[in-house]
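Dear colleague,

Please find below the structure that I am handing over to you. My notes on what was found in it follow.

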Amino acid sequence: MANTTKLAKEERKKAKRASRKKRKAENPLKPRDYARGSKKPKVKKLARGQAKR
């Protein structure tokens with residue numbers, strides 16, 4: 001990304017947003033091959049302790 005220190009705040013925001021959009025278009029993330037949250041550790045309610053009481 002180009003140096004944006006010399007730009008005004010609004011111009012800087014536009015430049016950064018454009019560069020983010022460009023980067024996203026160039027290398028998109030591959031789709032997941034597992035369900036969201038399925039790898040999270042499952043915690044029994046009793047093990048949470050005071051939080052649920």
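By the rule applied here, the count comes to one salt bridge, a salt bridge being a side-chain nitrogen of Lys or Arg within 4 Å of a carboxyl oxygen of Asp or Glu. The model is a predicted one, in which local features need pLDDT of at least 70 and side-chain atom pairs count only at pLDDT 80 or more, while totals for chains, interfaces and linings use all residues. Residues are numbered from 1 along each chain as its sequence is written, and side-chain values use heavy atoms, with hydrogens and water left out.

The salt bridge joins the side chains of Glu26 and Lys22, at 4.0 Å from N to O. These two residues are four apart in helix α1, so about one helical turn separates Glu26 from Lys22. Helices here are DSSP runs (H or I, at least four residues), numbered from the N terminus. Both Glu26 and Lys22 are exposed, where exposed means over 50% relative accessible area, buried under 20%, and partly exposed in between (1.4 Å probe, protein chains only).

Helix α1 covers residues 9–26 and includes Lys21, which is exposed with a relative accessible area of 53%. Together with Lys16, Arg17, Arg20 and Arg23, Lys21 forms a positive surface patch. Such a patch is made of residues with over 30% relative accessible area and no salt bridge, like charges being joined within 9 Å.

Ser19 also lies in helix α1 and is partly exposed, its relative accessible area being 22%.

With kind regards

Technical notes
Patch = residues over 30% accessible without salt bridge, like charges linked within 9 Å, V, L, I, M, F, W, Y side chains within 5 Å. Areas by Shrake-Rupley, 256 points an atom, 1.4 Å probe, with all protein chains shown as cover. Lys, Arg positive; Asp, Glu negative; His and termini not counted. Charge placed at Lys NZ, Arg CZ, Asp CG, Glu CD.
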